[in-house]
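Here are a few exercises to work through with the model open. Try each task before you read its solution.

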Amino acid sequence: DILIMRLLRLQLLKSMIFKYIHVTFVVIVYLSAFLYVLYRLNKAFPKVKKIVFWRLSLLLSAFFVVVQYLRIGNFGKSFLIFQCVAYLWMTIVFYTFFFILLGDFVVLLLRRIPSLWKKFHPFETRTRKCYYLFSICLSAALLAYGLVHFSHPKIVHLEIEVDKPVPDWNILLVSDLHLGTMTPTLLQKQVETMNALQPDLVLMVGDQFELSPKDVEQAGYSEVLRSIQAPQGVFVVNGNHEVRHGYLRMQNYAADFYKTMNMYLLSDTSIVLDNQ
């Protein structure tokens, strides 16, 4: 018993170290992108350094870093709103970073073509300002577009023909729900969409949850997920987000947890349905 306890503590320590390394890597990548964006915008708009926007962006970045480290502790549903705000801000920063980086790459190419650079150079400052403002607006627009599609997922119908006798089943594959970033009410609409497709079998292929299994019931997701209708069952696998929130470490608990929602966890296992 003492050996088992020591092994469990060692496994938990390794898991925590991995989480801190992972979060630190994310923070470093984010800060690199953010500081590059801030550097470019400061250079293009030197007279507006002191306005609210700059202070707010620095505050949001500090908020993002703090949230990244705090989420290791699995604070439950009360912490989800902070995660959502942090990730929305991160999305804006990364989109803007890639657009500005693309613009800098184009300028670098123009510098290597003297005839084009001679024509472009007198308008470089004005063009950069317009392009940077456009990049920020486009980033916000893309975020809004993503949120709309997150609320109204795209359904793709595929006809799969195989050269063997198989049941004529309607199989529904669902990916990346990231529950913890949507309300149970929105999930209910998603489930209604699933049930309207009348699936015989549902496959949920990872990243179902953005929170610990112990918080799913409390957050109100379990009751909604139990209403998925599929005669042959609902089968799930864990994605990287489940692993990050301890589903792999609590394998037996996770399997029982899924069963409470009439779901079956596949982990290095195979199942034959209907003897077919």
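**Exercise 1.** Find which residues make the nonpolar surface patch of about 460 Å².

*Solution.* Start with Leu102, Phe105, Val106, Leu108 and Leu109, which make up the patch. Patch members have over 30% relative accessible area and no salt bridge, and nonpolar side chains (Val, Leu, Ile, Met, Phe, Trp, Tyr) are joined within 5 Å. Next, take Leu108, which sits in helix H3 (residues 80-111). Leu108 counts as partly exposed because its relative accessibility is 45%; buried means under 20%, exposed over 50%, and partly exposed in between, with a 1.4 Å probe and protein chains only.

A note on the source: this is a predicted model, where local features need pLDDT of at least 70 and side-chain atom pairs count only at pLDDT 80 or more, while totals for chains, interfaces and linings use all residues. Residues are numbered from 1 along each chain as its sequence is written, and side-chain values use heavy atoms, leaving out hydrogens and water.

**Exercise 2.** Work out which residues the salt bridges that share partners join into one network.

*Solution.* A salt bridge puts a side-chain nitrogen of Lys or Arg within 4 Å of a carboxyl oxygen of Asp or Glu.

1. Arg40 pairs with Asp104 at 3.0 Å, N to O. Arg40 is in helix H1 (residues 2-44) and Asp104 in helix H3, so the bridge ties together parts 64 residues apart in sequence.
2. Glu124 bridges to Arg111, with 3.6 Å between the closest N and O atoms.
3. Glu124 also bridges to Arg128, at 3.1 Å; both lie in helix H5, four residues apart.
4. Put together, the network holds Arg40, Asp104, Arg111, Glu124 and Arg128.

Definitions and conventions. Patches are made of residues with over 30% relative accessible area and no salt bridge: like charges are joined within 9 Å, nonpolar side chains (Val, Leu, Ile, Met, Phe, Trp, Tyr) within 5 Å. Accessible areas come from the Shrake-Rupley method with a 1.4 Å probe; for residues, only the protein chains shown count as cover. Helices (H or I, at least four residues) and strands (E, at least two) are DSSP runs, numbered from the N terminus.
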